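Subject: Handover of a structure and notes on its contents

Dear colleague,

Please find below the structure that I am handing over to you. My notes on what was found in it follow directly after.

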Amino acid sequence: MLRAAVLLSLLAACFCAPPRCEPGEPSLGRCRETAEEEKPQCTDMVLGYCQDVLYNKVMFPNIVGHQSRVETETSAEYLLLSVLHSLLNGECSPELRILGCSILAPRCHHSTLVKPCRSTCEIVKRSCAHAFEAIGMAWPYFLDCDRFFVGDEEGCYDPLSVLRARHDVTFANISDGGHATILQFTYQSNAQMFNILKKTAAKCPQISQTYSIGRSVEGKDLLVIEFSDNPGQHDLLEPEIKLIGNMHGNEVLGRQLLIYLAQYLCSEYLLGNERIQTLINNTRIHLLPSMNPDGFELAASEVADSQDPENTNQEGHIFNGWTSGRANAQNIDLNRNFPDLTSIYYNRRLYRHFRSDHIPIPDSYWMNKVAPETYAIMKWIRAIPFVISASLHGGELVISYPFDFSKHPEEEKMFSPTPDEKIFKQLARTYADAHATMSNNDTDRCGASFASKGGIINGALWYSFAGGMSDFNYLHSNCLELTVELGCDKFPSEEELYPEWRRNKEALLSFMESVHRGIKGIVKDSNGNGIKGAIITVKGIRHDITTADDGDYWRLLNPGIHIVSATAPGYSRVVKRVRLPHNMQKVGRVDFVLKKVPVEPDHDYFNIPELDNYERFDPYNQFEQYSQAELGENGEERTEKPWWWAYFSQLGVSSPTWLLRNY
């Protein structure tokens, strides 16, 4: 509310006119009643918030019926334009403001009103509608693309043409020889990041979309961009992967790399890059550039302070950059906030029938403080059958793989392998070897010694901690996740962003391609129906995976001979011998057909108590209750107006009920 109060004090003098109403719409607050309408006339552009439009002559009455400049300046519509930058945290600025000016202060050419193009409005709405949704605000009525904008055949103009051309000039051409993929190697605010992801998805709608998996403590979207030849859908036998950046808000390089990767995938696909097209056509890729946008804002403000020439304690800000913004807005370290399933695994691994996969979340976990960011990631992991994942961090130059928690509670540095140790090492080697310097033993490190390890290490051997995201992925789902430490500097200078992209681009692509390794297939019943939740077991690896909703599965394996079996409750077990040659260039296909058999409860392999409550998630419904708290029992309008309502209600302008989503 502080930002609202500051803006209110600045704008009160200008927006104190009494309410007015448009004829026929007296209750909507969209215009002012006048004794008689003025004749259309051209006048000079003098509106303060519209000085950067393409023209200097405007016409009144304007397109929404404001009769004069004074009426426009005292309207709720104009007030909205003046505060949009603050309301939306800079997102879609100045595009939205200029688009609004084209309606409230329309162009006058040769004494004729010229309307803006509908196509321009539609592009902006596709890119920016989510920003209004994020603050619970409806799309402004005067930006209705069908009502107030016109088509090219009616002689419209593009109010954003100069802005778009000026924006394009600021980008550097970094062609990879022949094909031109254009990236801008600067840091982006959260709003700018959201805008880039939305624009990228709009540029490649046939292979991309954005979606939110939840909100941060301060209400920012955890925005994901997805790439697939069928975005929004899981395709049978197509593996799913995720890359996560900025889990610690002050470790920002991974965030930037994923923003660049999203633009690169889109652009190269359109340019006909066969490697990228093959990857996207056969893989569903999910990129979450910032898991901790609140922490990033704090860390970015610290770095900005260190650049201030009037700051006399610059070293202090640089030092604080190692800690400021690491945690979320609740001061929770997100990489210590996941359920500690590793301790459960260690305590029960000697039991004959204990499974080390899909370990349920203990009810006791929910008694502690669970960050909304952690909650969102857990729901995401449970909803999508991810096969591999990487979490991008900073502070060292090494790949760390599970387990991260030591098998001996008093040993802080102890080799603690998973049953999939060989697979994890191969995944880690894939990234490290493709990186420009990570696997080089002569590379300068950041304090720790990984010279003899070629840039990879078991997490618990490096240092032990509980509640990590990678261990949770492995023990609660099918997903194998690496922790990628990208370098010593957690917040490198902008001059380092392009070299870092060059060092990591091939590693990111190679890692994503490595999901097509091992075997995949479908488990069906005798009628050809896929069996959800069937268990795939590999002899010698005490960690099973389960099939997805349609019965498909993916099992990463190294070359060699493997004994693989499939079974499900109430079905027979089928065993197959699989040979994966060393020169195999693609994933092997191994299907299973299971027959129904009677179940003997006393000897049923699946009758294991700790598996019974796997589906229990948020059993006390704390997060669901929180998300629905503002609605009445029947979903009626909020009893309290949203926080931004104070911008309008205290200034004497007509109440813009058209901004309320439930009105």
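Are C50 and C101 buried or exposed? Both C50 and C101 are buried. Please bear in mind throughout that this is a predicted model.

**Disulfides**

A search of the whole structure gives 6 disulfides, and three of them are described here.

The cysteines named above, C50 and C101, are joined to each other with an S to S distance of 2.0 Å. The torsion about their S-S bond is about -80°, so this disulfide is left-handed. It links distant parts of the chain, as C50 is in the loop between β1 and β2 while C101 is in helix α4 (residues 95–104), 51 residues apart.

Another disulfide joins C92 to C128, with S to S at 2.0 Å. The link of C92 and C128 is left-handed as well, with -110° about the S-S bond. C92 lies in the loop between α3 and α4 and C128 in helix α5 (residues 118–134), so this pair ties together parts that are 36 residues apart in sequence. Both ends are buried: C92 has a relative accessible area of 2%, and C128 has a relative accessibility of 3%.

The disulfide of C42 and C108 has an S to S distance of 1.5 Å. C42 belongs to strand β1 and C108 to strand β3 (residues 107–109), 66 residues apart. C42 counts as partly exposed at 33% relative accessibility, whereas C108 is buried at 9%.

**Aromatic pairs and charges over rings**

The structure holds 28 aromatic pairs. In one of them, the ring centres of Y49 and Y78 are 5.7 Å apart and the planes stand at 65°, so the pair is edge-to-face. Y49 is partly exposed, with a relative accessible area of 33%, while Y78 counts as buried at 4%.

The pair of Y55 and Y157 is also edge-to-face, because the planes are at 90°, with the centres 5.9 Å apart. Y55 lies in the loop between β1 and β2 and Y157 in the loop between α6 (145–148) and α7 (161–169), so this pair connects parts that are 102 residues apart in sequence. Y55 and Y157 are both buried.

As for charges, the charged end of K242 sits over the ring of F386, 5.4 Å from its centre, and K576 lies over the face of F592 at 5.1 Å from the ring centre.

**The sheet and its helices**

An open sheet of 8 strands runs in the order β7-β8-β10-β9-β11-β14-β12-β13, with mixed pairing. Its edge strands, β7 (208–215) and β13, each pair on one side only. Neighbouring strands are turned by 20° against each other on average, direction ignored.

Within the sheet, β11 (residues 386–393) and β14 (residues 480–487) pair in the parallel sense over 6 bridges; A390 has L482 of β14 as its bridge partner. Helix α14 (residues 372–383) packs on the sheet, and its direction makes about 130° with that of β7. Helix α17 (residues 469–476) lies across β9, β11 and β14, at about 165° to β14.

**H435**

H435 is in the loop between α15 (421–434) and β13 (456–458). H435 is buried, with a relative accessible area of 4%. Apart from neighbours within four places in sequence, H435 is in contact with L397, R503, N504 and A507.

With kind regards

Note on methods: Residues numbered from 1 in each chain as written. Predicted model: local features only at pLDDT ≥ 70, side-chain atom pairs only at ≥ 80, totals over all residues. Heavy atoms only, no water. Helix = DSSP H or I, 4+ residues; strand = E, 2+ residues; numbered from the N terminus. Buried < 20%, exposed > 50% of the residue type's maximum accessible area, 1.4 Å probe, protein only. Contact = heavy atoms within 4.5 Å. Phe/Tyr/Trp six-rings, centres within 6.5 Å; stacked < 30°, edge-to-face > 60°. Lys NZ or Arg CZ within 6 Å of the ring centre and 35° of its normal. Pairing = 2+ DSSP bridges. Axes fitted to C-alpha atoms, helices over the stretch in contact; angles between N-to-C directions. Disulfide = S-S within 2.5 Å.
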